[in-house]
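Trainee: I am new to this structure. Would you please take me through one part of it in detail, namely the nonpolar core and its surroundings?

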Amino acid sequence: MMAASKKMLEQEPSEIEMLLPFHAAGTLNARDARRVEEALARDPALARQYAVIREEYAETIDLNESLGAPSARAMQKLFVAIDAEPARQPWASLNFSARLSGFFAELSPRTLAWSASLGALALLLQAGVIGAVLVKNQNSTFQTASLSTNEPITRDLGGGAPPHALVRFAPDARIADITALLDHYQASIVDGAKGGMFRLQFGNRAMSKEEIAALMGRLQSEKIVSLAVPTP
Amino acid sequence: MSATQAASDDVLIARIAQGDRLAMQVLYGRHHVRVFRFGLRLVRDEQVAEDLISEVFLDVWRQAGKFEGRSAVSTWLLAITRFKALSALRRRKDVELDDEAANAIEDASDDPEVAVQKKDTSEALRKCLTALTPEHREIVDLVYYHEKSVEEVAEIVGIPENTVKTRLFYARKKLADLLKAAGVQRGWP
């Protein structure tokens with residue numbers, strides 16, 4: 001059981017030993033933290049080494065804290081240098097997420113609320129039109145699920161268009177939450193903030209109706225999503 | 001650092017990219033002390049460390065638009081600080097540096113003895129932490145004081161993750177050797 005710590009100085013250190021300082025600082029992921037905890041529980045020598053590490057950890061913090069802080073001169077020097085810099089072109093060199101952050105930051109809460117309301121109204125109208133068209137085109141006969149011999153037999157190789165949806169975010173949604181959601185769903189904004197709604201594209205492959213319905217269900221259950229409706 | 005602060009740092013960087021001086025002041029207020037201390041531990045000169053801060057944050061002002069948010073802003077700041085500190089050190093003569101490092105270690109093995117006589121292990125430990133080589137000092141500081149993960153240290157120092165772990169282990173072993181030379185036994189190794 002003490003193999004991990006015994007070989008530490010004679011040979012190469014074990015993986016667990018090398019993780020101990022990071023465990024003391026609380027920067028390990030859950031899996032590694034659990035591995036270290038288990039090793040500490042069964043290896044007293046490793047536990048002793050860990051106690052030494054905690055001492056080093058505390059002293060390193062004390063040492064750094066004793067270094068004090070810089071004088072105001074550093075900040076003055078910085079802003080003199082910044083004032084001497086050429087004027088910025090707004091939005092010129094920003095990446096997409098920065099632009100998105102900036103866009104939201106510039107909208108007032110009142111504007112956001114109005115755009116959301118208008119978006120909801122537009123969506124209701126659109127749903128009504130789509131519903132009317134579907135009802136009109138529906139005939140009274142039934143169809144079997146058998147193979148139609150009038151159409152060629154083909155297989156979808158995934159070349160269809162990826163799904164889209166109109167999404168309205170909750171008024172208190174933070175930019176970080178929205179960008180995390182976009183990452184999580186592999187979504188991108190293809191049309192922005194018309195009436196408070198965003199048109200999102202999900203992934204880069206076509207999905208079946210069931211998949212789209214499941215996706216919308218998941219989206220709708222997100223705390224920061226007020227409304228999610230599939231669109232062509 | 002909390003996830004909220006990390007996200008808010010990202011927003012500040014986006015505003016700085018648009019030329020927002022107030023955002024720059026907030027970011028500076030939030031991080032300048034840690035940047036200063038990290039720089040000071042590397043260059044060992046308060047004046048140089050203060051100059052470093054201005055250079056680091058001026059770089060942030062200039063490069064904010066290119067920040068892609070792949071790492072935390074604090075990690076990015078420490079990476080810039082390290083680069084600037086090493087450049088400042090290179091401006092000094094190499095010989096002078098070597099002497100300084102050697103003296104520091106010799107001094108430390110003397111000073112802790114005095115400290116031990118006073119039964120102050122804590123002070124001896126601090127002296128020995130100061131006596132580590134710059135390479136070992138920075139990794140100890142990044143992990144213990146700046147609370148950076150293996151991945152973040154690898155990014156700041158520019159070395160593989162496994163090297164981060166082994167370098168820290170040998171930094172700790174060197175620390176134990178210095179303490180042992182000063183008569184301090186701590187039960188490891």
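Mentor: The largest nonpolar core holds 85 residues, and those touching the most other members are A:Val167, B:Ile16, B:Cys128 and B:Val143. Such a core is a set of buried Ala, Val, Leu, Ile, Met, Phe, Trp, Tyr and Cys residues joined through C-beta atoms within 7 Å. A residue is buried if 20 or more other C-beta atoms, placed from the backbone, lie within 10 Å of its own. Helix H2 (residues 21-43) of chain B contributes the most to this core, nine residues; helices are DSSP runs of H or I of at least four residues, numbered from the N terminus.

The model is predicted: local features need pLDDT of at least 70 and side-chain atom pairs count only at pLDDT 80 or more, while totals for chains, interfaces and linings use all residues. Residues are numbered from 1 along each chain as its sequence is written, with chains lettered from A and ligands numbered from 1 in the order in which they are written.

Leaving aside residues up to four places away in sequence, B:Val143 touches A:Pro21, A:Phe22 and A:Ala25, as well as B:Lys148, B:Val153 and B:Leu168. Contact here requires C-beta atoms, placed from the backbone, within 7 Å.

Just after H8(B), B:Gly158 adopts a positive phi of about 80 degrees.

How values were computed: Buried ≥ 20, exposed ≤ 12 C-beta atoms within 10 Å, placed from the backbone. Helix = DSSP H or I, 4+ residues; strand = E, 2+ residues; numbered from the N terminus. Contact = placed C-beta atoms within 7 Å.
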